[in-house]
Amino acid sequence: MKHIFPAYAFAFTAVFCILLTVPSCKGGRHGGEADAQKDTILPLGFLTDTLDVVESKVKDGEYFSKMCLRLGLDPGKGYALTEACGEVFDVRKLRAGNTVRAYYTKDSLARDLQYIVYVNNRTTSTVFRTFDSLAVWKAELPVYNERKVADVTINSSLWNDMQASGASILAILKLSDIYAWTVDFFGLQKGDRFRLIYNQRVCEGDVIDVDTVYFAIYTSDGKDYPVIMYDQGDGGNVYWNEKGESMKKAFLKAPLHYSRISSGFTTHRLHPVTRKVQPHLAVDYAAPTGTPVMAIGDGTVLSAGYSGAAGNMVKIRHNSVYTTAYLHLSKYGEGIKAGAHVRQGQVIGYVGSTGRSTGPHLDFRVWKNGTPVNPLKMESPSMEPIRAENLPALDSLKNYWMQQF
């Protein structure tokens, strides 16, 4: 899509339904009555209200035939049903904790198992017919697109206030990605405001994903920071500010998501272990052990190993000016070793408490021309701006979306 104009905006939010199909499989299709009533038995492919249902969870260590036996299917049929799965369902991928529903006849004297429904995920289930000719098929629940407008003012936290506004908290993930180079999400202040227009995917009344933010404005200290989605069709960046500058910058604002700053950049700090006042030329992010740590920018790994009080540490040279270090890691990211090239946002390690540390956290350090600098105050240049010929369309889009507020 080379150009996106306001007249096309409604096309992005057209509500659609993913229609269900019940594919045939080993054991054949439904016959007779089921085919005749196929428009009334969606989405699972059978009349659920004529049967009794018992819901349970797949148990730890439980394999498919054992689960079938637990639900009331004799071993012979359980083996035959396994064979009937074919390419529709890989019985080796049965996951402990997933929901399974067993449907029985309502006859109080002879409750015969008719169907087993294994819930793969929020939108997809696998249905096993256990009577007559055995059959297995996938059932897709209808998924709808909804365009939403949200207006959130920070009173306690973005998480709580997003929920209080009625907006999906999944929108936070999109906002944190889009504004990762501009907004310090660990330093949001009371009164800061987010307004956004986005698309969410809904299944059975539940929001399962926020896949697109079309337009957003972050307001802090009376200043607006708008972002407009515009795809130039080159496979690159799609988010820009009102000047056409890329929202992506050379460095991320922070090397991890959703934590809190436990200690800031200072020349005088009482060390929690040594109890001595000494410089802390870093920012500490308190986060659970195992939280992914990302490289804030492209670069080359200078070192990755144990370094005394720093514990497990990764040090990265980004260019001739900037170097960063990530301390106290519990373990390293895949392929992270001296000489490895890393990309912005790549996981280079995981939060831990190795070395001289009182608890799990990331000690994050930045050097500019060899001198320590405060990561929270570091300015980062934008990447390549939007092409000049697309600026009028970008401005038109901004005006259109502003009217939607």
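Predicted model: local features only at pLDDT ≥ 70, side-chain atom pairs only at ≥ 80, totals over all residues.
Local features were assigned only at pLDDT of at least 70 and side-chain atom pairs only at pLDDT 80 or more, whereas totals for chains, interfaces and linings use all residues. Residues are numbered from 1 along each chain as its sequence is written, and side-chain values rest on heavy atoms, with hydrogens and water left out.

A salt bridge was defined as a side-chain nitrogen of Lys or Arg within 4 Å of a carboxyl oxygen of Asp or Glu. Under this rule, 12 salt bridges were counted. One of them joins R101 to E55, with the closest N and O atoms 2.9 Å apart. R101 belongs to strand 2 (residues 99-104) and E55 to strand 1 (residues 52-57), so this pair ties together parts that are 46 residues apart in sequence. Strands (E, at least two residues) are DSSP runs numbered from the N terminus. R101 is partly exposed, at 27% relative accessible area; the class lies between buried (under 20%) and exposed (over 50%), computed with a 1.4 Å probe on protein chains only.

A salt bridge between R193 and D151 has its closest N and O atoms 2.6 Å apart. Because R193 lies in strand 7 (residues 193-203) and D151 in strand 6 (residues 143-153), the pair ties together parts that are 42 residues apart in sequence. Both residues are partly exposed: R193 has a relative accessible area of 29%, and D151 has one of 41%. Salt bridges with shared partners also join D52, K106 and R111 into one network.

The side chains of R92 and D90 form a salt bridge with an N to O distance of 3.0 Å. Here R92 is exposed, at 73% relative accessible area, while D90 is partly exposed, at 24%.

Methods. Helix = DSSP H or I, 4+ residues; strand = E, 2+ residues; numbered from the N terminus.
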